[in-house]
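Please look through the sequence and the structure first, and then follow the points below.

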Amino acid sequence: MDLIISLELFLSLHVVFCSTGPMVDVVVDRYDIPKVCPREVQIEDFIRYHFNGTFYEDGKQFDSSHDRGKAFISQVGLGRLITGMDRGLQGMCVNERRRITVPPHLAYGSIGTGGVIPPDAVLVYDVHLLDLWNTNDKIQIRTLNKPTGCSRVTAASDFVRYHFNGTLLTGETFDSSYSRNGTYDTYLGQGDLIKGLDEGLLGMCVGERRVIIVPPFLAFGENGHGAKIPPQATLLFEVLMIDVFNPKDDLIVEVKEVPKGCTRRTVAGDYIRYHYNGTFQDGKAFDSSYQRNSTYNTYIGMGYVIRGMDKALLGLCVGEKRRITIPPQMAYGEEGVGDFIPGSAVLVFDIHVIDFHNPKDPVEIKVTHKPQECNMTSEADDFIRYRYNCSLMDGTLLYSSDQYDSPSITTLGASNVIQGLELGLKGMCVGERREVVIPPHWAHGEDGAGGVPKSAVLLFELELVELQKGVPEGYMFVWLGDTPDYLFQTMDLNGDKEVPLEEFSNFIRLQVTEGKGRLRPGLDADTIIKDMFDNQDQNKDGKIVEDEIKIKADEKSEPTTRDEL
């Protein structure tokens, strides 16, 4: 029999209390009061408490909730307790400990009860209040921290991910998502949570912290839950909202920066290089291309990236910056990716487009300056000198001829430069300037090159400084008109029937001066002429005679690397 809830059987007359006479009212000793007491017990409140009951006279214990292993639950002030306890428990705080001494007339009177409480016994109850609620209670919400600029709050049918610490009012922890190292994930408003928490999580921002106090009848009620939540327990949740989305959400694109003069935007089938920072909605980073010092490179609209990103990468300009918020159904879904991306996570990407191209793109040539007089333009086999700056499309300078003592040189058509640059250098006048955009399949391709990233689009700023018309591959000298009918006689300037090196050299230089012939540009003239002479001097006697003279056309079957006339 629970002695503490027995009705008072007899009431004694109240008399003036003296130190030698009987007690008139209960005596309350509040020997342990918590520093914070937001609420005190009032009439009609429900309470849950532990107690030890002893006799005042000898201290002998007659009852204990501790011995029964179960806290006592009752309502105050409605006669469900002995009158002395109804009075003595009022004004008590949760976690308070008090000693209540009850005189007989406010306890079991002159009869006692059940053979346990003798007549006229003064009772002492040592009480520890564990919980306190009222049937009129609602959930209590106290916001601890709310981020500024909250653009969305949780609503019924949303899916949320949150961390929490769950405690009883006494501070005992009954559960914590932190101890499991994983958020609690659930839908709101669909009955998946206790009613009070379902309500208390509404209206929260991502990053918000709040305390939600749920009375027992909006929690687990009289049954409790498991070993850690007793019956009729008020629950306190300290919640941090990590993530929120709705199954109907589409991706959200926020344009941060668009460069001026954007003439082309990405379409499906383009290949894009971009930098990104990837975070969850609470700002926690999960990945970054910047940390790897390497762009993320992929085709657009071909399923190589998550569906939300594939969609978000359309319509971008080179240099554009965007923030992209992708709901899980367009990202990694309920499964996530191992320990990297939690299940049902909303992903936020801040991206910066470095460049993009299409595999069908040609080399783009834009003339920025052309001299008024342009009588001669560069072509295959020509020797040229040119200045250049080579940059990525975001303006990052890779190389420049200004880093060297003199302009760069090349012979067009000799495969000394990348194909796109070769095209960009053709058809130029001396003094002409160009901007040439070269897609990677005309440059260094998917592998890149020293200092050039993989699959990079290159921008060259070119200026042609010098142009020397060239000769076909395999030739050191070409005639610009008809070959003289009597070549040896024309070459034999002194008419002595033999042509030594000096005379041969003077003859060749004269043809070049008069515009009748051309030496291969870019090489030392003396070396070329000596090679030509040696090739004609078949018997290697230091002079050429008429029988040794031949021109290239006479020996078409011989290798084209011969240095002949």
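How far apart are the sulfur atoms of Cys374 and Cys429, which form a disulfide? In this predicted model, the two sulfur atoms of that disulfide lie 1.4 Å apart. The structure holds four disulfides, and when the bonded cysteines are numbered in sequence order, the pairing runs 1-2, 3-4, 5-6, 7-8.

**Disulfides**

- The S-S bond of Cys374 and Cys429 has a torsion of about -60 degrees, so this disulfide is left-handed. The pair links distant parts of the chain, with Cys374 in the loop between β19 (364-369) and β20 (383-392) and Cys429 in the loop between α7 and β23 (433-438), 55 residues apart. Cys374 is partly exposed at 28% relative accessible area, whereas Cys429 is buried at 1%.
- Cys37 and Cys93 form a disulfide with their sulfur atoms 1.9 Å apart, and the torsion of about -95 degrees about the S-S bond makes the disulfide left-handed. Cys37 is in the loop between β1 (27-32) and β2 (46-55), while Cys93 is in the loop between α2 (83-88) and β5 (97-102), 56 residues apart. Cys37 counts as partly exposed at 30% relative accessibility, and Cys93 counts as buried at 2%.
- Another disulfide joins Cys262 to Cys317, with an S to S distance of 1.8 Å, and this link is left-handed, with -90 degrees about the S-S bond. Cys262 lies in the loop between β13 and β14 (271-280) and Cys317 in the loop between α6 (307-312) and β17 (321-326), so the pair ties together parts that are 55 residues apart in sequence.

**Aromatic rings**

- The count comes to 28 aromatic pairs. In one of them, the rings of Phe159 and Tyr187 have centres 4.8 Å apart and planes at 80 degrees, so the pair is edge-to-face. Phe159 belongs to strand β8 (residues 159-168) and Tyr187 to strand β10 (residues 184-187), 28 residues apart.
- One aromatic cluster is formed by Tyr274, Tyr276, Phe280, Phe286, Tyr296, Phe340 and Phe349.

**Backbone and surface**

- Gln232, a residue other than glycine, has a positive phi near 50 degrees, and sits in the loop between β11 (209-214) and β12 (235-245). With 19% relative accessibility, Gln232 counts as buried.
- Ser415 also has a positive phi, of about 60 degrees, although it is not a glycine, and its relative accessible area of 64% makes Ser415 exposed.
- Val253, Val255 and Val258 form a nonpolar patch on the surface, with about 200 Å² of accessible area together.

Technical notes:
Residues are numbered from 1 along each chain as its sequence is written. This is a predicted model: local features need pLDDT of at least 70, side-chain atom pairs count only at pLDDT 80 or more; totals for chains, interfaces and linings use all residues. Side-chain values use heavy atoms; hydrogens and water are left out. Rings of Phe, Tyr and Trp (its six-membered ring) pair if their centres lie within 6.5 Å; planes under 30 degrees apart count as stacked, over 60 as edge-to-face and the rest as tilted. Helices (H or I, at least four residues) and strands (E, at least two) are DSSP runs, numbered from the N terminus. Buried means under 20% relative accessible area, exposed over 50%, partly exposed in between (1.4 Å probe, protein chains only). Patches are made of residues with over 30% relative accessible area and no salt bridge: like charges are joined within 9 Å, nonpolar side chains (Val, Leu, Ile, Met, Phe, Trp, Tyr) within 5 Å. Accessible areas come from the Shrake-Rupley method with a 1.4 Å probe; for residues, only the protein chains shown count as cover. A salt bridge is a side-chain nitrogen of Lys or Arg within 4 Å of a carboxyl oxygen of Asp or Glu. A disulfide is a pair of cysteine sulfur atoms within 2.5 Å.
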